[in-house]
Amino acid sequence: MKQGIHPIYDHVVFHDRSADKYFLTRSTLAAKAASLPTIEWEDGNTYPLVNVEVSSYSHPFYTGRNVVLDTAGQVQKFNARYGRK
């Protein structure tokens with residue numbers, strides 16, 4: 001590999017705010033560590049903290065909680081609005 005062309009790839013803690021879960025992983029966001037808040041992890045080390053709205057803890061695809069759309073209701077509204085019976 002060429003030296004000096006790859007971004008910094010180090011440990012970062014992500015906080016899924018909708019599920020209130022924390023997880024430690026590696027990310028290129030570690031390059032912005034100086035501008036990120038920090039958190040002390042279970043192993044006693046301090047890592048940069050990145051807040052996210054959706055992760056595998058809260059996304060419907062991973063949790064199995066699918067959103068069901070009311071398409072029949074939408075079609076009935078359309079037909080009622082534009083005069084179809």
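**Talking through a four-stranded sheet**

Modeller: Happy to walk you through this one: the model is predicted, and its open sheet of 4 strands runs in the order E2-E1-E4-E3, with mixed pairing.

Colleague: What makes E2 and E3 the edges of the sheet?

Modeller: Each of E2 and strand E3 (38–40) has a single partner strand, so one side of each is left without a neighbour in the sheet. On average, neighbouring strands here are turned by 45 degrees against each other, direction ignored.

Colleague: How do you know that E1 and E2 pair?

Modeller: Pairing asks for at least two bridges between the strands, and E1 and E2 share 7 bridges in the antiparallel sense. Among the contacts, Val 12 has Thr 25 in E2 as its bridge partner.

Colleague: Nice. Why is Asp 20 called exposed?

Modeller: The cut-off for exposed is over 50% relative accessible area; Asp 20 has 53%, so it counts as exposed. Asp 20 sits in the loop between strand E1 (10–16) and strand E2 (21–27).

Colleague: Why is the contact between Arg 17 and Glu 53 called a salt bridge?

Modeller: The limit is within 4 Å, nitrogen to carboxyl oxygen, and these side chains meet at 3.7 Å, N to O. The pair links distant parts of the chain, 36 residues apart: Arg 17 is in the loop between E1 and E2, and Glu 53 in the loop between strand E4 (46–52) and helix H1 (60–63).

Colleague: How many salt bridges does a search of the whole structure find?

Modeller: The search finds 1.

Definitions and conventions
Residues are numbered from 1 along each chain as its sequence is written. This is a predicted model: local features need pLDDT of at least 70, side-chain atom pairs count only at pLDDT 80 or more; totals for chains, interfaces and linings use all residues. Side-chain values use heavy atoms; hydrogens and water are left out. Helices (H or I, at least four residues) and strands (E, at least two) are DSSP runs, numbered from the N terminus. Buried means under 20% relative accessible area, exposed over 50%, partly exposed in between (1.4 Å probe, protein chains only). Axes are lines fitted to C-alpha atoms, for helices over the stretch in contact, and angles run from 0 to 180 degrees between N-to-C directions.
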